[in-house]
Amino acid sequence: MQISSRFTMAIHMFACIDTFLDQKMTSDFLASSIGTNPVIIRKILQQLKAAGLIKVARGTGGITITRPLDQITFLDVYKAVECTPNQELFHFHENPNPQCPVGKNIHHVLDKRLLEVQRAMEEKLSEMTLADVKKDIAADIGMK
């Protein structure tokens, strides 16, 4: 299982937007910091905007965060950028063999456990905020 890099890129983007307040934030700037293509950044920006986490100014550009960082959790960011079917973390294989005793029962055996794992992950993500990232970045780069 692996969560895509969109999640960590989005966290990185928030850190840049907050750290470089005196600069106009563009997809090109963010892409150069992250080391990816600006098209990927623009897609993530659209997802964050649709989730109400950022505002993007038309024309002249510029990105602003819509809430204080201590009010944006990792779970908020995760839900904004990780597109999972039916909000499920684990995608179950589609056609287990109903004639096989394992295939016939695998959903029944795994579904509850996988949901428990997902809930634990989401609970942990909801405890972490972008303010935590800001604090750690500031410490690492010597800002106050």
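1. Start with the pocket. Helix α3 supplies the largest share of the lining of the largest pocket, with four residues. Helices (H or I, at least four residues) and strands (E, at least two) are DSSP runs, numbered from the N terminus.

2. How to read the values. The model is predicted, so local features need pLDDT of at least 70 and side-chain atom pairs count only at pLDDT 80 or more, while totals for chains, interfaces and linings use all residues. Residues are numbered from 1 along each chain as its sequence is written, and side-chain values use heavy atoms, with hydrogens and water left out.

3. Pocket volume and lining. The largest pocket has a volume of about 280 Å³. Its lining counts 14 residues. Nearest its centre lie Arg 42, Leu 45, Val 56, Ala 57 and Ile 63. A pocket here is an open set of points on a 1 Å grid over the protein atoms alone, where a 1.4 Å probe fits, with protein on both sides within 12 Å along at least five of seven lines; lining residues have an atom within 4 Å of a point. Grid points are joined across faces, edges and corners, and the volume is the space filled by probe spheres set on the points.

4. Five of the lining residues are nonpolar, six are polar and three are charged. Ala, Val, Leu, Ile, Met, Phe, Trp, Tyr, Cys and Pro count as nonpolar; Asp, Glu, Lys and Arg count as charged; the others, Gly among them, are polar.

5. Leu 45 lies in helix α3. It counts as buried because its relative accessibility is 8%; the buried class is under 20% relative accessible area, exposed is over 50%, and partly exposed falls in between (1.4 Å probe, protein chains only). Leaving aside residues up to four places away in sequence, Leu 45 touches Met 13, Ser 27, Leu 30, Ile 54 and Ile 63. Contact means heavy atoms within 4.5 Å. Thr 66 is 21 residues from Leu 45 in sequence and 13 Å away in space, C-alpha to C-alpha.

6. Ser 27, a partner of Arg 42. Ser 27 belongs to helix α2. Its relative accessible area is 11%, so Ser 27 is buried. Its side chain makes a polar contact of 2.9 Å with the side chain of Arg 42. Such a contact is a pair of N or O atoms within 3.5 Å; within protein, one must be able to donate a hydrogen and the other to accept it, and residues adjacent in sequence count only if both atoms are side-chain atoms. Beyond four places in sequence, Ser 27 is in contact with Pro 38, Ile 41, Arg 42 and Leu 45.

7. Leu 30, also in α2. Helix α2 spans residues 27-34 and holds Leu 30. With a relative accessible area of 0%, Leu 30 is buried. Apart from residues up to four places away in sequence, Leu 30 touches Met 13, Cys 16, Met 25, Ile 41, Leu 45 and Ile 63.

8. The core. Which residues have the most contacts inside the largest nonpolar core? They are Phe 7, Met 13, Phe 14, Leu 30, Leu 48, Val 77 and Leu 130, in a core of 33 residues. Helices α1, α2, α3, α4, α5 and α6 each give two or more residues to this core. The most come from α1, with nine. A nonpolar core is a set of buried Ala, Val, Leu, Ile, Met, Phe, Trp, Tyr and Cys residues joined through side-chain atoms within 4.5 Å.

9. Helix α4. This helix covers residues 74-81, and six of its eight residues are buried. The buried ones are Phe 74, Leu 75, Val 77, Tyr 78, Ala 80 and Val 81. Their cover includes α1 (6-19), α3 (38-50), α5 (101-127) and α6 (130-141).

10. Asp 76 and Thr 73. Asp 76 sits in α4. It is partly exposed, because its relative accessible area is 26%. The side chain of Asp 76 reaches the backbone nitrogen of Thr 73 at 2.8 Å. Thr 73 lies in the loop between β2 (63-65) and α4. At 15% relative accessible area, Thr 73 is buried. Setting aside residues up to four places away in sequence, Thr 73 touches Leu 125, Ser 126, Met 128 and Thr 129, whereas Asp 76 touches Leu 53, Arg 67 and Gln 71.
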